[in-house]
Amino acid sequence: MEDVCEGKDFSFPLEEQRVLELWSKLDAFHEQLRRTEGGEEFIFYDGPPFATGLPHYGHILAGTIKDVVTRHQSMRGRHVMRRFGWDCHGLPVEFEIDKLLGITNRQQVLDLGIGKYNETCRGIVTKYVAEWEAVVTRTGRWIDFKADYKTMDINFMESVWWVFGQLWDKDLVYKGFKVMPYSTGCKTALSNFEAGLDYRTVPDPAVMVSFPVIGDADNAALVAWTTTPWTLPSNLALCVNANLVYAKVKDRSNGTVYIVAESRLGQLPVKAKASGKKQAPSKGSNAEAVQGGLDTESYELLAKIPGSSLVGLKYTPLFDFFLELQDTAFRVIADNYVTDDSGTGVVHCAPAFGEDDHRVCLSAGIIEASGLVVAVDDDGHFIEKISQFKGRHVKEADKDIINAVKDKGRLVSKGSIEHSYPYCWRSGTPLIYRAVPSWFIKVEKIRDQLLECNKETYWVPDYVKEKRFHNWLEGARDWAVSRSRFWGTPLPVWISQDGEEIVVMDSIEKLERLSGVKVNDLHRHHVDDITIPSSRGPEFGVLKRVEDVFDCWFESGSMPYAYIHYPFENRELFEKNFPGNFVAEGLDQTRGWFYTLMVLSTALFGKPAFKNLICNGLVLAEDGKKMSKSKQNYPSPMEVIDEYGADALRLYLVNSPVVRAESLRFKRIGVFGVVKDVFLPWYNAYRFLVQNAKRLEVEGLTAFSPIDQAVVPYLVKYIDNLTNIYVRFNRKRLKGRTGEEDCKISLSTLYHALVTTCVAMAPFTPFFTEVLYQNLRKASSKSEQSIHFCSFPSTTGERDERVERSVTRMMTIIDLARNIRERHSKALKTPLKEMVVVHPDSEFLEDITGKLKEYVMEEMNVKTVTPCNDPMKYASLRAEPNFSVLGKRLGKDMGKVSNEVKKMTQEQILAFEQSGEISFLGHCLTLDDIKVVRQFKRPVDVSEKEIDAAGDGDVLVILDLRADQSLIEAGVAREVVNRIQKLRKTAQLEPTDLIDVYYESVDNSNTLEEILQSQDQYIRDVLGNSLVPKAAATSDMSILSS
């Protein structure tokens, strides 16, 4: 093994760059794939990101989780194909192009030409591919970029066609109108998932509008409340709840009569009083003027009306834009979606702009499915039919529409409301709900199957599966998979002019066969003009493709089939290994990719798409807010990697709650903490091994070669235990102070512990483990070229629980003794005469005074360790009931039994410890039910400053704090050694450097010399040689430090 530098000089980023060069030289990733080829397949699906933006911490987190799992599986001998994927189609790409070309409406795209527009989209799809590859590679992730897949590749798109074709054949596809979240900024409908990505608290107008009932004896008007005035020109009905009670009231100031839900009377506007202040009906002396929410000073109650009796009433339309529908429209209908917890209990219905509005109007015959007029175009502007507001953007027209309602005398009240409202996650514009024609997947038909398939999967954390995802599946609705856009996989649906003949293409071969046209690209500008003759004969003309493209979520949900071009290629690979073994993405994908994977796999095969899933949470800025480039509230990933290394960032992320779907506040100091608390102690243990292995060569002994069957204690599996227990307590053995053979055994143990730790940690910290391994492997002739070619350690042999228990107790003894020293201000460099360890377990005492005795003596600087298995000699015993165990079991007897336990005598406690059980009031109690506490019993005529003790209820430690001459001399020797070690460090000496040490007493007495002679053995054990008086030094010696 080669010499290594001190930890403070070890550059993690620099060493990682060297490892990247090594991996490149070895072609390590592909070599690992070659070595595992033919082994059991482990199928991993990588969700494709968009390459139109740069990777952030969320991508690095998910990528690290994926890398850890796939590296681990590879080291277990499984063949893990890892291909990077790119989401190339859809809104994110089109939005970038619209900004680039200044496109603001659909017609501009058509004027430019779909071909030019799409090719421009294609041109930016791979804008940041090089940057992605650089960042992903630098983080240590092994994944194939050369054999990547893109959703815009013809093979991928053909498989997407096949998926749709299968759904069509299973009668799971239909065309219909659906009111959907719609982005006027991006000119497209969004999925419910996308609509939930950006909710903002914003003010909106809130108005009450009157709708006079035709033929009412009191000229009453129904009052509806809305926060979307722009929908009022499209009003076709009013909806009430048939089960509610409504009230007819007269405004005392002007005689106007209104009808609202009785429970909502308090919402009617109240005229200002003479004092000029608005009435507060719930307070003060005016309370008796309020009855059931009605301000009786302002309104007179005329009648109470059951909601069911309002159904069928006709009312005067607010506007005359839809008078052609007056035979069926402008009447009152009823549905239970109307509630009395807001508004007036009367809902105005514009069926083109509300999901419930559309449903109830269709059900009541207000509209027909095919006759719906959508009065707002794709750009969010009123169409020609709405003549008074034509060409106006709906949100901008709110104010003028309210004024028009006021001019008609129909405005009851006007105000504003702050509420949570959805915005487009891409353009940042407020969404509207708008009816759009779409092709749907019948998800509701397979909802029960989805829930069953979900049960077959394993999630981390499981609550996301059992609650969030289960609930989403339980409420799953039919999925609108088409978009009226341009850059995407075209729907493979060809339809005749009369709509009677539909052909779905499930392959390129079928399209070429039916059309006679050679197809080399499936994008719109290549297939839109392809027609196929009608099977009914030439007189029926030709079939043309519908204009829509697939929602990009349909493409990503098809990924398990499309990325390997199934079923056109790789049939055996897919069919033998489906469902896939593993997927991992963020919590937001429960309603996104995880959902679309599950829907399509269930619909196609009746199976989940994956077996195992890890769901990570969000990485937030240190202040708990979303990371923002504009706010610059987080350090860039590459900046952190360049400072601390990728391994530190990886370990910081995966060793946090964020891997269990919780949020992580990213803290730069946290990454530094990984370096300080994990890597440096680990490195120092490795460096200690290398130094002492090299020392054997310097001293002319046999070069270090690890002993094959060295025992690696189970306890040192943790790095902390390796550095703070094994290395620290075995320094003397590792430095050869106990003989060459013992030195080689201890070095071999440390060697195998380090190699095993490195191999086990390689999936988590691929760089650091490679650095250590490349040097460690030089001591073994059987080593692989890279640590990532090694097999993952298997659990062999048996755990020695007695050793583990004894070592744990030894650490407890040391902690207790350290507490006594601190209590009495006795520094560790001050030797103490005796430590007594009191415990009834003879095996434990045998270990402490045998195998572990030397460790305890050296660590606590005591001359002797005395065992005592007689608890009564130094302690009194007290019994305490274990309430947490006994409470539920004993119930009402707990108090009585507790008193009996506390009254146990010393003899009873000793007998109980020996027999393991005792009975009180008919209840048998065991060692788990009663805790025996040992309290120190100080000898007579001895003060606390002379002898003191500490215990934890299990073991009692007693320290003799009295000093004598021999202890003083030992303390002096320890201080001398400590100063010499500091001089060695100042002189920058290596442990293998052999030097002579001279001393001189400054007080001209022989005291120091006598002490050093009496402590010579201790000094030689620690330093390796004796100290020499300065008078014996030669004149030509070179002084390194003094």
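Predicted model: local features only at pLDDT ≥ 70, side-chain atom pairs only at ≥ 80, totals over all residues.

Visitor: How many aromatic pairs does a search of the whole structure find?
Guide: Rings of Phe, Tyr and Trp pair if their centres lie within 6.5 Å. Searched over the whole structure, the number of aromatic pairs is 53.

Visitor: Which geometry does the aromatic pair of Phe319 and Phe389 have?
Guide: The ring centres of Phe319 and Phe389 are 6.1 Å apart, with 85° between the planes. Planes over 60 degrees apart count as edge-to-face, so the pair of Phe319 and Phe389 is edge-to-face.

Visitor: How many residues apart are Phe319 and Phe389?
Guide: Phe319 is in the loop between β12 (299-306) and β13 (331-334), and Phe389 is in the loop between α10 (355-363) and α11 (394-407). Both residues are buried. The pair links distant parts of the chain, and the separation is 70 residues.

Visitor: Why does the pair of Trp459 and Phe610 tie together parts that are apart in sequence?
Guide: Trp459 and Phe610 pair edge-to-face, at 6.2 Å centre to centre and 65° between the planes. Trp459 is buried, as is Phe610. Because Trp459 belongs to strand β17 (residues 458-460) and Phe610 to strand β26 (residues 610-616), the parts tied together are 151 residues apart in sequence.

Visitor: Over the ring of which residue does the charged end of Arg809 sit?
Guide: A charge sits over a ring if CZ of Arg is within 6 Å of the ring centre and within 35 degrees of the ring normal. The charged end of Arg809 is 4.9 Å from the centre of the ring it sits over, that of Phe844.

Terms used. Residues numbered from 1 in each chain as written. Heavy atoms only, no water. Phe/Tyr/Trp six-rings, centres within 6.5 Å; stacked < 30°, edge-to-face > 60°. Helix = DSSP H or I, 4+ residues; strand = E, 2+ residues; numbered from the N terminus. Buried < 20%, exposed > 50% of the residue type's maximum accessible area, 1.4 Å probe, protein only.
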